[in-house]
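Good morning, colleagues. Please look at the structure as it comes up, and keep the sequence at hand while I speak.

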Amino acid sequence: MLFALVWLSAAWFGSWCWNPNNAVRLFAAISIVERHDAAINRFEHLTIDKARFGPNFYLDKPPGMTLMALPFVMLADAATGDRADDKVLAAEDASFDRYMKLRLWLAAAAINATLLALAAVAVMDIGRRVTGSVAAGVFGALAFAMGTPLWGWATTLFGHCAVASLLVIAIRLILKGTSDDRGRGDAPLAGLALGWALVIEHSALIFALPVGAFALWRMRGLARAEASSVAIAVVAGAAAMVPLLAYNLFAFGTPFRLGYQGVVGWEGMDQGLFGLTYPHLAVLGEVLWGTRRGIVWVAPVLVAALPGFRFLWRSEWRDLAVLALVGAVVAFLYNASYVYWDGGNSTGPRHAMPAVAFLSLALPSVWAGGGCWVRAGLAALLTGSIAINLTIAAAEITAPWSADNALIDGVWADRFGPGYLRTIPNEFFGFTPWQGLGLWAVLAAITFALLLSSITRQPHAANIYRTDGAARRS
């Protein structure tokens with residue numbers, strides 16, 4: 001039920017297919033599928049995000065999202081008989097706009113929505129393992145997937161949602177793989193998740209390092225034979241990088257060239273390491289609580305993670321508490337170090353989205369450790385966060401760069417209030433935007449009711465926050 005609710009909510013809404021980040025990834029996928037060529041020369045006039053090597057233009061991003069989009073571009077081509085060669089290559093052309101819109105929706109629903117739903121289930125399982133309460137896990141999962149801008153990013157081909165989701169999935173596999181119920185596939189799957197995150201966004205390496213250190217720490221007491229899974233995970237992670245090298249060889253003639261090396265028109269990328277320098281305190285403040293990009297305004301439920309660290313530490317899951325805190329701090333400092341820290345058109349600090357993966361680890365503990373009044377407050381905070389992110393996902397996650405307050409000016413005033421929504425019913429089936437939103441509300445309410453019903457039927461484990469410590473585990 002949790003998977004269904006999150007997937008439905010992410011797949012139901014769309015994003016603007018002509019956003020340069022969406023468009024350039026689609027252009028590369030279309031070129032590979034329809035012309036067996038990675039160059040996007042015929043599309044380059046339609047995006048400001050591109051790389052140039054010699055006379056040719058290419059995708060300037062890591063290729064992970066594009067590679068995952070390939071089968072869905074093929075599926076759309078086969079189902080409709082359409083090809084880009086048959087279109088007027090202009091954003092103003094209605095036929096080409098429908099062509100792009102369909103392929104974006106298919107790819108986003110199959111990739112980002114699915115990964116977000118899987119990650120929500122992973123957060124629920126982590127919460128259950130840590131607290132013994134399924135309800136606490138569901139609270140953390142809903143906060144992660146629907147109470148933050150990850151919901152909005154799931155409607156796009158940006159890599160933020162996928163990377164955050166893969167980080168959570170890897171952490172869940174590590175916890176399971178170092179517990180009594182470990183399976184033989186846990187280590188290689190964790191390695192694949194972290195390795196593929198790097199293919200989607202190269203910056204994921206920065207966030208994967210704390211996760212890797214966490215895995216080594218968790219395995220310190222395992223027998224030597226079982227500890228060999230570390231090598232298995234490393235091999236699996238390296239195997240996930242093979243498609244990146246293959247794409248580079250296919251596109252550039254060498255496996256060791258990155259699209260970022262040929263970025264056109266973004267001189268800031270020449271600073272430091274592809275735009276990364278050092279954390280700026282003023283920028284950090286903007287990322288955390290600034291009205292233009294501050295995460296506290298678009299995901300207030302994450303504030304509950306602060307006491308969550310304390311609960312985790314006291315429950316003897318101290319290694320998880322350290323991972324959650326370190327990972328979140330690293331993500332925010334990374335965003336504060338990037339020359340284009342505001343992310344251009346964005347609602348919230350999009351480059352800090354991996355922080356959501358780490359902060360979500362601390363949320364179930366707050367629910368499990370609180371009394372009735374605390375839980376009522378947390379439920380209200382979660383409801384408000386979901387309402388905020390519903391408007392973001394339904395209207396547009398990429399609020400205009402010029403908006404002084406992305407949420408109020410860019411989303412509510414410019415998009416949601418006037419009814420400029422992107423739902424599947426109104427984009428493809430002739431419904432009005434409000435009808436499309438209302439239909440989602442009905443389906444989501446039914447699914448949520450079934451989810452609550454299933455929670456009440458779960459067996460209750462000992463609450464480690466309500467005992468004398470006998471039920472605690474490390």
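H36 is found in the loop between α2 and β1, where helices (H or I, at least four residues) and strands (E, at least two) are DSSP runs numbered from the N terminus. The model is a predicted one, in which local features need pLDDT of at least 70 and side-chain atom pairs count only at pLDDT 80 or more, while totals for chains, interfaces and linings use all residues. Residues are numbered from 1 along each chain as its sequence is written, and side-chain values use heavy atoms, with hydrogens and water left out.

What is the phi of H36? It is near 55°, a positive value in a residue other than glycine. Most residues other than glycine have a negative phi. H36 is exposed, with a relative accessible area of 61%; here buried means under 20% relative accessible area, exposed over 50%, and partly exposed in between, with a 1.4 Å probe and protein chains only. E316, which is not a glycine either, has a positive phi of about 75°. That residue lies in the loop between α15 (305-314) and α16, and E316 is partly exposed, at a relative accessible area of 40%.

Let me turn to the salt bridges. A search of the whole structure finds 18 of them, a salt bridge being a side-chain nitrogen of Lys or Arg within 4 Å of a carboxyl oxygen of Asp or Glu. One of these joins the side chains of D49 and K61, at 3.1 Å from N to O. D49 sits in the loop between α2 (20-35) and β1 (51-53), and K61 in the loop between β2 (56-58) and α3 (64-80), so the pair ties together parts that are 12 residues apart in sequence. Are these two residues buried or exposed? Both D49 and K61 are buried.

A further salt bridge is formed by D77 with R103, whose closest N and O atoms are 2.8 Å apart. This pair links distant parts of the chain, with D77 in helix α3 and R103 in helix α4 (residues 94-131), 26 residues apart. D77 is buried at a relative accessible area of 12%, and R103 is buried at 1%.

Next, D342 forms a salt bridge with R292, the closest N and O atoms being 3.1 Å apart. Here too distant parts of the chain are linked: D342 is in the loop between α16 (318-337) and α17 (354-359), and R292 is in the loop between α13 (281-289) and α14 (295-298), 50 residues apart. Both D342 and R292 are buried.

I shall close with the chain as a whole. It has 22 helices and 2 strands, and its C-alpha trace spans about 70 × 50 × 45 Å along the principal axes. With 474 residues, a compact globule would have a radius of gyration near 23 Å, and the chain's 22 Å agrees with this; the radius is taken over C-alpha atoms, and the globule rule is 2.2 Å times the number of residues to the power 0.38. Buried residues make up 58% of the 474 residues. Among contacts (heavy atoms within 4.5 Å) between residues at least 6 apart in sequence, 75% join residues at least 24 apart.
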